[in-house]
Amino acid sequence: MEYEPRPGRVRKPIGWSTIIIAALVAVSAGLVWRRDGTDGVLDILTHDLSLFGGILPRVLAGCLLGAFISEILPHEKVSRALGPKSGLKGLLIGTAFGAILPGGPFTAYPVASALLAVGADFGATIAMVVSWTLIGYGRAVAWEIPIMGTDFTLWRIVISLPLPVLAGSLGRFVHVRLYPKPAAKDDET
Amino acid sequence: MSAALLIDILLWGSVFGVGLIAFRRGPPVFKASLREGSMDFINIVPRIALGVIGSGYIAAIIPQEAITGWLGPDSGWLGVATAVVAGAATPGGPVIGFSIGTVALKSGGGVPQVVAYVVAWALFAFQRVILWEIPFMPARFVWFRCAVSVPFPFVAAAIAMVIGKP
């Protein structure tokens, strides 16, 4: 068995974004308390706690999905299919992958991160993330259709169809010029 | 069957599917990825907790009229630009974002402006970027992705202007 454990991903400690959010939350909670009193604060807290409880299992599913995918995808194949030299096909694969990926942000971002780690380039990963957010069915079915109506949603999705590939090509175009790195090791052709 | 249940089934079905593939590669592969995934989960939970539990408070203090008021009809490209900023600045989850879009449509907002709003919200809602995208992805990628995405709400509005209403 020639299996070598992948080196663990470096995990970020509490960063500045967490601190900003924490400050924003504290200020907002203070304002709610001043406006609506303790009851107002507790109402929101109980509602959001139940929301949190509902989301947790999905976060776990997303983390596991990301970890399994980065473990089972062969690096050479991914960097060929989704790497910097994958052309339009790579962007289309990224788009298709983002569109069919189940779940919400708790799956999309761990999986996108896994793809980056195993050899996808910024362009294909951007196509995937943008496709997930704009034409993925998860949010459309769960939220957009019930709230905005089927007509608007389908029409909005049709308008969005070209955007992931365009965003991915722009990303790849800019990235190559901003970071003109020497070709990756598996690039010699 | 509710949409949420369907999504959960698909989600866990996918986890099971890739888990099975990993297991067939051998127990070390399976165990290593199980450990990686669990560690990711443990590390991410405090941040998710802060965001989810805190977002209700942020949403409660931002008046929704302040956002919908900007998306009037005949507001043209200035209205589209305002919609993009409003989409990025909208706090809270999908319920709030789409509700604001609906209110804007019903109160006479222009269709291209509302499309720009919804697309901008999907691409850059600050809360999703900070709460989900940055914890899970390299920050360098996230900022790059956001910068590259800036033109696309405008592109969507332009397409909406060309092909007309739904």
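A residue is called buried if 20 or more other C-beta atoms lie within 10 Å of its own. The legends below describe close-up views of a predicted model.

**View 1. B:Ala86 lies in helix 4 of chain B.** Helix 4 spans residues 76–89. B:Ala86 has 23 C-beta neighbours inside 10 Å and therefore counts as buried. Between the C-alpha atoms of B:Ala86 and B:Ala158 there is a separation of 18 Å, and the two residues stand 72 residues apart along the chain.

**View 2. Helix 6 of chain B is mostly covered.** This helix runs through residues 111–124. From its first C-alpha to its last it reaches 20 Å, close to the 20 Å expected for its 14 residues at 1.5 Å a residue. Of these 14 residues, 13 are buried.

**View 3. B:Ala116 and its contacts.** Not counting residues up to four places away in sequence, B:Ala116 touches B:Val80, B:Ala83, B:Val84, B:Pro153, B:Phe154, B:Ala156 and B:Ala157.

**View 4. The largest nonpolar core contains 89 residues.** A:Leu115, B:Ala116 and B:Val119 have the most contacts inside this core. Helix 1 of chain A (residues 16–72) supplies its largest share, 15 residues. From chain B, domain 1 (1–44) and domain 2 (62–163) each contribute at least three residues to the core.

**View 5. Chain B meets chain A.** In this contact, 69 residues of chain B face 74 residues of chain A. Among the elements of chain B that give two or more residues to this side are helix 1 (3–24), helix 5 (94–106) and helix 6. The largest share, 24 residues, comes from helix 2 of chain B. The chain B side comprises 48 nonpolar, 14 polar and seven charged residues.

Technical notes: Residues numbered from 1 in each chain as written. Chains lettered and ligands numbered in written order. Predicted model: local features only at pLDDT ≥ 70, side-chain atom pairs only at ≥ 80, totals over all residues. Helix = DSSP H or I, 4+ residues; strand = E, 2+ residues; numbered from the N terminus. Expected span 1.5 Å × (residues − 1). Buried ≥ 20, exposed ≤ 12 C-beta atoms within 10 Å, placed from the backbone. Contact = placed C-beta atoms within 7 Å. Nonpolar A, V, L, I, M, F, W, Y, C, P; charged D, E, K, R; others polar. Core = buried A, V, L, I, M, F, W, Y, C linked by C-beta atoms within 7 Å. Domains from an automatic or database assignment.
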